[in-house]
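Me: I would like to go through this model with you, one topic at a time. May I start with a side chain and move on from there?

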Amino acid sequence: HALRRRLIAEADSMSRMAREVSYSPVEVLESAQCALASLDIMDIHREPDDISVEDFVNRPRDPSGRWVIEHVLRRQHKLMLVAGEGHGKSYLLRFMAVCAAYGVHPFRKKNDNPWKLPKINTLIIDLENPEDAMLDSFETILKHVRRVSPQEETVSRLWWRPSGIDLRSRSDLMELENVIATRRPALVCLGPLYAAFINDSDSWE
């Protein structure tokens, strides 16, 4: 069988790499992951997993609701902020995350209805900003939210990597996956995106 022969060949290659001291364990794992992903293991003769539109609509709904921040961001949706340097992208993400953790709508005033939200776990992943800039912004944000929604404890976490990470590196990716799996946030605010793919140039690619 062609697939079996290909699998044996890839396994032999991985075995040789693992014994070769010039390759790090992380490089071997990354190579193995790419090789396995390239193998066509799909059985085209099995029953497809499509469903009717009616069945899709009639599925049980998530009891926690569709919104992370009402009328701003839905569950499992993604939002990308694009602006020039120094225009407040990181501050806005921090503000949204902390407000959501305190159960406060970030874009409604106290006399608006509703201005309160269910509190959620949030995770702020900062890959660039220095400590003093973050301290100043967090102190300002906390002063605001604590005034309108005092809390003893919240579930907003910070994962700070000011030198950036490289999501193409298996070790960095595993670290990120670990903090998300452990904290289980309903909202993740990450930035800047270019600092998640470290390279040797200033290219935005």
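Me: Is R108 buried, partly exposed or exposed, and what is its relative accessible area?
Reply: This is a predicted model. In it, R108 has a relative accessible area of 22% and is therefore partly exposed, since buried would require a value under 20%.

Me: Which residue forms a salt bridge with R108?
Reply: The partner is E70, and the closest N and O atoms are 3.8 Å apart. E70 is in the loop between β1 (67–69) and β2, whereas R108 is in the loop between α4 and β3, so the pair ties together parts that are 38 residues apart in sequence. E70 counts as partly exposed, because its relative accessibility is 24%.

Me: How many salt bridges does the structure hold?
Reply: There are 4 salt bridges. Among them is the one between D126 and R94, whose closest N and O atoms are 3.4 Å apart. D126 belongs to strand β3 and R94 to helix α4, so this pair ties together parts that are 32 residues apart in sequence.

Me: Are D126 and R94 buried or exposed?
Reply: D126 is buried, and R94 is buried as well.

Me: And which side chain does R168 meet in a salt bridge?
Reply: The side chain of R168 meets that of D166, at 3.0 Å from N to O. D166 has a relative accessible area of 17% and therefore counts as buried.

Me: Which residues of α6 are buried?
Reply: The buried residues of α6 are D172, L176 and V179. Viewed down the axis of α6, the buried residues fall within an arc of 65°, so they line one face of the helix.

Me: What do the buried residues of α6 pack against?
Reply: They pack against two strands, β3 (122–126) and β4 (156–160). Strand β3 is also where D126, the salt-bridge partner of R94, is located.

Me: Which exposed residues are on the face turned away from the buried side of α6?
Reply: That face of α6 carries the exposed residues A181 and T182.

Me: What follows α6?
Reply: R184 follows α6, and its phi is positive, near 50°. R184 is not a glycine, and it is found in the loop between α6 and β5. With 65% relative accessibility, R184 counts as exposed, because the cut-off for exposed is over 50%.

Me: On backbone angles, what is the phi of Q76, and where is this residue found?
Reply: The phi of Q76 is near 65°, a positive value in a residue other than glycine. Q76 is in the loop between β2 (73–74) and α4 (89–101). Its relative accessibility is 78%, so Q76 counts as exposed.

Me: Which residues does the cis peptide bond join?
Reply: A cis peptide bond joins G191 and P192, with omega about -10°. P192 lies in the segment after β5 (187–191).

Me: One last topic, the surface. Which residues make the nonpolar patch?
Reply: I51, V53, F56 and V57 make a nonpolar surface patch of about 390 Å². Of these, I51 is found in the loop between α2 (25–38) and α3 (53–57).

Definitions and conventions
Residues are numbered from 1 along each chain as its sequence is written. This is a predicted model: local features need pLDDT of at least 70, side-chain atom pairs count only at pLDDT 80 or more; totals for chains, interfaces and linings use all residues. Side-chain values use heavy atoms; hydrogens and water are left out. Buried means under 20% relative accessible area, exposed over 50%, partly exposed in between (1.4 Å probe, protein chains only). Helices (H or I, at least four residues) and strands (E, at least two) are DSSP runs, numbered from the N terminus. The arc is that of the directions from the helix axis to the C-beta atoms. Contact means heavy atoms within 4.5 Å. Patches are made of residues with over 30% relative accessible area and no salt bridge: like charges are joined within 9 Å, nonpolar side chains (Val, Leu, Ile, Met, Phe, Trp, Tyr) within 5 Å. Accessible areas come from the Shrake-Rupley method with a 1.4 Å probe; for residues, only the protein chains shown count as cover.
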